[in-house]
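Colleague: I would like to learn how to read a model like this one. Could we go through it feature by feature?

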Amino acid sequence: MDALKRQAAARALEEVRDGMKLGLGTGSTAKHFVELLGDKVRSGMKVIGVPTSEATRDDAIRCGVPLTTLDEIDHLDLTIDGADEIDPALNLIKGGGGALLREKIVAAASDRMIVIADDSKWVDVLGRFPLPVEVIPFGLAATQAAMARAFAEAGVSGQMIIRKGKDGHVFVTDGGHWIVDAHLGRIGDPPRLAGLLSVIPGVVEHGLFIGLGSVAVLAGAQGIRVVERR
Ligand SMILES: O=C[C@H](O)[C@H](O)[C@H](O)COP(=O)(O)O
């Protein structure tokens, strides 16, 4: 699986040109990309990256990739990031690693987003992977009740679980928020659910990426498949 992730990352690297401003994703697949990009930088390629998490910032520094922020620049040419699920419309579920907020800000500031993954992430319908929703701890019960109403309106339902870290304590995102993982099973209309979740005051952001992925690079046993958003 790890070899497939690296193959997808290597294929995406072919799209990177000298001088590009890049969004650097988070997770095990994006980490391969950062490492391979580091090799290119060492051989003379000039790029600058905006990391989508503290973990990716550390990786990029380790690999020698020059960094900036979206305070210093307001626009990126290309973001390369992983995903937890990808559907045929290139709607995504992201946030399994808890980085969805910065990932979405960075993807939205980019001309293009290439999603890199092993082909196990490709699904007909999103939702088997629990949907991460980043929330403000204040008023959590009220926010969860509003989320349940949004789910009902979008025709889905399921358990909501506050994410815990490996240490057993509540997982806290880079932005200081919590994550509620919603086990919905099958999300029939992702854009509708995304819209309903976005207007809940206690929801900072959710892991549905709609219309952001431009291309998916999927590595499988049969080779690499590149899918463009129609
Ligand atoms: O918050 C984490 C990100 O959305 C990741 O890109 C996503 O979870 C995929 O990670 P991985 O490449 O490790 O499967």
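Colleague: How much area is buried between domain 1 and domain 2, and what share do carbon and sulfur atoms give?

Modeller: Buried area is what two parts lose in accessible area on being put together, summed over both. In this predicted model, the figure for domain 1 and domain 2 is about 1100 Å², with 65% of that from carbon and sulfur atoms.

Colleague: Where do the two domains run along the protein chain?

Modeller: Domain 1 consists of 2-123 + 210-228, and domain 2 covers 131-206. Their centres, taken over C-alpha atoms, are 24 Å apart. Contact involves 15 residues of domain 1 and 17 residues of domain 2.

Colleague: Which side chains meet in a salt bridge?

Modeller: A salt bridge calls for a side-chain nitrogen of Lys or Arg within 4 Å of a carboxyl oxygen of Asp or Glu. Lys 104 and Glu 205 meet that way, at 2.8 Å from N to O. The count between domain 1 and domain 2 is one salt bridge. Six residue pairs are in polar contact across the interface.

Colleague: Now the ligand. Which residues are the closest to the ligand?

Modeller: Of the 16 residues that surround the ligand, the closest are Thr 26, Ser 28, Thr 29, Asp 84 and Lys 121. By class, the shell holds two nonpolar, nine polar and five charged residues.

Colleague: Which polar atoms lie by the oxygen atoms of the ligand?

Modeller: A polar backbone atom of Thr 26 is 2.7 Å from a ligand oxygen. For Lys 94 a polar side-chain atom lies at 2.9 Å, and for Gly 97 a polar backbone atom is at 3.0 Å. Taken alone, the ligand exposes 370 Å², and the protein buries 91% of that.

Methods:
Residues numbered from 1 in each chain as written. Predicted model: local features only at pLDDT ≥ 70, side-chain atom pairs only at ≥ 80, totals over all residues. Heavy atoms only, no water. Near = heavy atom within 4 Å. Polar contact = N/O pair within 3.5 Å; in protein donor to acceptor, adjacent residues only side chain to side chain. Areas by Shrake-Rupley, 256 points an atom, 1.4 Å probe, with all protein chains shown as cover. Nonpolar A, V, L, I, M, F, W, Y, C, P; charged D, E, K, R; others polar. Domains from an automatic or database assignment. Contact = heavy atoms within 4.5 Å. Buried area = accessible area lost by both parts, 1.4 Å probe.
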